[in-house]
Amino acid sequence: MAEQDSSQEKTEEATPRRLEKAREEGQVPRSRELTTTAVLLAGTISLVLFGGVMANAQLEIMRLNFDLPREVIFDPELMFAQLGASFKEALLSLMPLFAVILVAAIAGPVALGGWLFSSKALAPKLNRMDPIKGLGRMFSMKSLIELVKSIGKVAIVVGVAFVLLSQMKTALLGLSQEGLEQAIIHSLTLSLWAAVLLSASTIVIAAMDIPFQIWDHSKKLKMSRQDIRDEMKDTEGKPEVKSKIRQMQQEMAQNRMMSAVPEADVVITNPTHYSIALRYDPKTMSTPVVVAKGIDFVAMKIREIARENKIEFVQAPLLARAIYATTDLEDEIPEGLYVAVAQVLAYVFQLREFRKGHGERPDYPRNLTIPPDMRKY
């Protein structure tokens, strides 16, 4: 019982298949703090870089709209055209800021979890509507960690703001001594740089949140030993199914092998337990090839097909066992058996010529040369 319980504990790292399945369901590590930091920094830095251009564009739009000719003011169609043109110009002037923020909003999640679009993640999940589970999530460890992060974020931002105000105190008080236009420009500059520094302070929170999100994601995907065994069954198939597949594959291979027997030149036998069918074409082949081999029932089937196709038989027990043990189907015979196989094939080819009325009947091959290290088979 203890062993069964330990197998159910999720102590094993997620398998590649589990990670792939989780990704298909949209489960990847994400950090909202990283995305927030990226958007804030990109937005404030863009304001520093493009703020002057955008401000001038907005001022020009306001100047043109506050200085309209009389005929435009009293013509509704011209007023709507003026409004549309002003809106277009304002949008174009803000496009650089919007584009940078959009890129940052996409780059933040992609930087941690990679690019991912999953329709399963968009599907509604009814279990999230369960109020009991909702209360459980509210008082879970993750909620507590999120609360600590929020408090830490506020504390860091407030601390940085206090330091900034302390450092800018002299400059802020000096604004009252400057001219109106210069004071406005100076105050905007101070505000922009303060926004950049406050946004940069969130990097600390993101730097702590990223490792936590990776760890939390890995923890959620951990598997028990039973999960891994079940996955292996689903991936590789149940033992009885695998056995059936192997049986079918063997039958198909045997059928292909039997169909090649009629092309053989000779069948070397044990004489009862082993059958080896060899084919050799001196014009296209450098070495004889095994086209079929088998023992017991398969050997009998090979001999049966060979008799139907009038293929010669040679009884050579040592040679048959050696070829069977050392050579796979459709492979060339090993170099150590060249001499013995050559003696057999020479006998077969001379026997064919004799039956056609050419030459004398050849002697049956005996005392074939088998290397000592192959005689053990």
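A nonpolar core here means a set of buried Ala, Val, Leu, Ile, Met, Phe, Trp, Tyr and Cys residues joined through side-chain atoms within 4.5 Å. The views below all come from a predicted model.

**View 1. Inside the largest nonpolar core.** This core counts 23 residues, and the ones with the most contacts inside it are Ile268, Leu278, Leu319, Ile323, Leu337 and Val341. Two or more residues each come from strand 1 (266–269), strand 2 (274–279), helix 13 and helix 14. As background, nonpolar side chains in soluble globular proteins tend to be buried together.

**View 2. A negative patch on the surface.** Here Asp328, Glu330, Asp331 and Glu332 gather into a patch of negative charge. Glu332 sits in the loop that runs between helix 13 (317–326) and helix 14 (338–355). With a relative accessible area of 46%, Glu332 is partly exposed. Glu330 lies in the loop between helix 13 and helix 14 too, and is exposed at 68%. Look at its backbone as well: phi of Glu330 is near 65°, a positive value in a residue other than glycine.

View 3. Phe87, Leu91, Leu92, Met95 and Phe98 make up a nonpolar surface patch of about 500 Å². Leu92 belongs to helix 5 (residues 76–113). Its relative accessibility is 49%, so Leu92 counts as partly exposed.

**View 4. Positive phi at Lys310.** Lys310 isn't a glycine, yet its phi is positive, at about 55°. You'll find Lys310 in the loop between helix 12 (297–308) and strand 4 (312–315). Lys310 is exposed, with a relative accessible area of 73%.

Note on methods:
Residues numbered from 1 in each chain as written. Predicted model: local features only at pLDDT ≥ 70, side-chain atom pairs only at ≥ 80, totals over all residues. Heavy atoms only, no water. Patch = residues over 30% accessible without salt bridge, like charges linked within 9 Å, V, L, I, M, F, W, Y side chains within 5 Å. Areas by Shrake-Rupley, 256 points an atom, 1.4 Å probe, with all protein chains shown as cover. Salt bridge = Lys/Arg side-chain N within 4 Å of Asp/Glu carboxyl O. Lys, Arg positive; Asp, Glu negative; His and termini not counted. Charge placed at Lys NZ, Arg CZ, Asp CG, Glu CD. Helix = DSSP H or I, 4+ residues; strand = E, 2+ residues; numbered from the N terminus. Buried < 20%, exposed > 50% of the residue type's maximum accessible area, 1.4 Å probe, protein only.
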